[in-house]
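Please follow this account with the model open beside it. The text moves from one part of the chain to another and treats each in turn.

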Amino acid sequence: MAEEIREGEPETDDRVFDEEEEAEPAFSYDENEVNLVASFKKHPDGQQALKRIGEKVVTDFDAAWEATEKFRKNMADIWKLFSGVLDPKAPPFEHMANAHVPILMENTIRMAYRQAYELFGNWTNVFGVTPIGPDDEKTAKLLSLHGNWQIRKRIKDFKRELGHRGLLIYDLFGDVTCHSYWDQQRKYNRHEILTANNFVCANTHVSTMPDYSDVSWLAKVIHMDPHELRKMKKAWEDVDTTLKHLPPEWDEGNIMSEMRAAVDKSIGIDSSAYQQGQYRILQYEGWLSLPPAAPAPANDNAEEEDEEPRDRYCKVILDYQTHTVLALQINERIDPFDKRRFDFETKQLEQYQAALQERQAFLQEQEQTRLSAVSLANSLDPASGGPAEAIMMARSVEEMPPPPEPPMPEWMKGNPMAQPRPPESVPERMFAHGVNIEPIQGIMGLGTGSIHAAQNKAANIALSMFIDQGTLANFRNFLARGELTLPKQFTLEPGKIHKIVGSTDLAKDLVPLDFGEANPQLVQLVEMLVRFGNTVTNTPEVLSGESGKSGETAQGLSARIEQATKMLSVPTGKYADFLTQVLENNARLNAIFLDDAEFFSVNNHDPQLGAMGRQMMSVGREMYDRLYDIEISADLKFTSTSQRISEADALVQMPNAVPAMGGNFAFLHSVISKSLEARNRYDLISLLGAPPQPPPAFGAPTSPPAPPPGMAPPGAPPGGSPPGNDNGAPPPQQQPPPPQAA
């Protein structure tokens, strides 16, 4: 290293260098590292990259947080009207009435509870996994049982987060976000509902993707206690740097948002009394320009883009107070759809190469056999018939046709050395976005709560005016001459006479101030606004159990409920789409973090999966490493239980109207199972046995379903097995022939 010039020493060009300074090694890192901060800190280029990334994260977050300030304030105002805690009136109206009409709460609660019952009324079967192939039926059923058991028993807060809290935010504010992640402390998947108070994202003209894939970055605020940060020392870097600073107090550091203050006020909590707050950690996910992972090749054929920084989808964990990057990770994974293409092409290549090897082996064996026959003919006595026979054998071997040359797959494009293109990497997105009313521009959705809030304010003003006018009418005031003197003790008693000093004519000396009676039109205005609120969300009183009108039949009441619930199906279906994205994220987490074998116990009523009753089953992460498609079980018709039972029973009675269906035992098994499901009697479904195969054509009979285990089939002698068979099955001649389709 060159000697440094001491202070005051003149600069010369003929300085002596004792050692030649070693060149700084090129910056390189492993893209698959869980946390790149440790590798980046070891090199100056990496340190500069960390500083640049930290500044970008903080700048983007602050700009987005400031841009959504008005949105958060609107959320706080809506919550105040929802909870009924109103701000005191400003002078000169501080002593006037401040009444509240619960239009917002009534309609929102009525709608949210109705949707929750429709989507999650049966927590044992919230969703089902769709088979992806003809041989995937049993695996799909097993994953359905495990997934529903997982959100019901394993993930403790799933019911409150998605079943109640998410729905309330969705209906009230119109915009809801869910972050799915693996909780390292609790060792299971988590799904956290977020709002604008702890989530921001990049601005865009229009955002319609359910996983925020059309925005360049997003950020989540994580509030952590010191003991939670200490547990992350093994996964994060420089945690001690954050712990050196005390966490900000609750009323500092912008921790207390408008929404939190409004909620605390509605329930009577003063969070500022807690002196110690929580650390504010940012989880940032988005596209970042990273240095190349390895030095560029020295040859001239190296691509130019390998020498330049590349945009990668990364996840950054940053302490907002110190701007310290705690974790950096390239948040990408193999595209499952492209991996399926890669596996298919790899299988084609193996089959093509195997066919080529088979053909080559045949040709080699044919040539060796021919040469052996010729050699044998030359070694035999020419006077005998052996050489002729050997030559004939050689000719017969030559005339044997070889296997046809296999066709080359199209993706190889005539190149026998071609290899399948490696599967591409795509960003790992674990955020789900749901909106109630679609935004015409921008990202944030609109909820019915904003519409109800304006109606609620107008109703509150009208009711307050009615109360104020009634109060003034009941407590009259008077104008009197200054010379009048009233008794010091003015009490109202029956028959008592009050003497007024200084009055000559009371009718003229005392003039009452008449404000008039309360205007009934104000009450009519309140009633009209309530009706408007019911119309906005189409949640009339009939949904909350209102009795039918005078002379209204049960069928008319059902028709009125059906018309009212039609408008609820669309927003509930949109929330079901949001829930579908969350459940798909849960499956991806299982494919990464689930154990090799996780055991769970459920009441299994499907005879195809095993014995009846409670059964222990197991799944592993390999079973989730697949194309995962789910379907929400709710039909979103908002029908009552009695109506569902009636519709299911009507299908059971259909063979009576169509005799040709009487012998279709597969149809009978299915409709009877649905009828029992409508009654929530899953324990009786297993007694029907395994479903038989459907007939090959309409009208063709099917074999009767197999009896439950332990029950003798029809025709068997009592107390034993049927004649001619020891395993309890009927003789072959007594069984009807199986259908051709089977």
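L479 counts as partly exposed, because its relative accessibility is 49%, a value that lies between the cut-offs of under 20% for buried residues and over 50% for exposed ones. The model in which this residue is seen is a predicted one. L479 belongs to strand β12, which covers residues 477–480.

The loop between β12 and α13 (506–509) contains R481. With a relative accessibility of 36%, R481 counts as partly exposed. G502 lies 21 residues from R481 along the chain, and the C-alpha atoms of the two are separated by 9.0 Å.

Helix α6 comprises residues 158–173 and bends by about 35° at G166. G166 itself is among the buried residues of α6, which also include F158, E161, L162, G163 and L167. Towards the end of the helix, I169, Y170, D171, L172 and F173 are buried as well. G174 follows α6 and has a positive phi, near 85°.

Strand β2 covers residues 175–183 and pairs with β11 in the antiparallel sense over five bridges. Within this pairing, V176 has G434 of β11 as its bridge partner. The two strands are part of an open sheet of three strands, ordered β3-β2-β11, with antiparallel pairing. Because β3 (188–194) and β11 (431–435) are the edges, each with a single partner strand, one side of each is left without a neighbour in the sheet. From one strand to the next, the twist averages 20°.

The loop between β2 and β3 holds K187. The phi of K187 is positive, about 65°, although the residue is not a glycine. Most residues other than glycine have a negative phi. K187 is partly exposed, its relative accessible area being 47%.

A further open sheet consists of five strands in the order β4-β5-β6-β7-β8, and its pairing is antiparallel. At its edges stand β4 (199–201) and β8 (324–330), each of which pairs on one side only. Neighbouring strands in this sheet are turned against each other by 25° on average, direction ignored.

One more positive phi occurs at D238, a residue other than glycine, with a value near 55°. D238 is located in the loop between α7 (226–230) and α8 (239–243). Its relative accessibility is 27%, so D238 counts as partly exposed.

Methods
Residues numbered from 1 in each chain as written. Predicted model: local features only at pLDDT ≥ 70, side-chain atom pairs only at ≥ 80, totals over all residues. Heavy atoms only, no water. Helix = DSSP H or I, 4+ residues; strand = E, 2+ residues; numbered from the N terminus. Buried < 20%, exposed > 50% of the residue type's maximum accessible area, 1.4 Å probe, protein only. Bend = angle between axes of the 7 residues up to and from the residue. Pairing = 2+ DSSP bridges. Axes fitted to C-alpha atoms, helices over the stretch in contact; angles between N-to-C directions.
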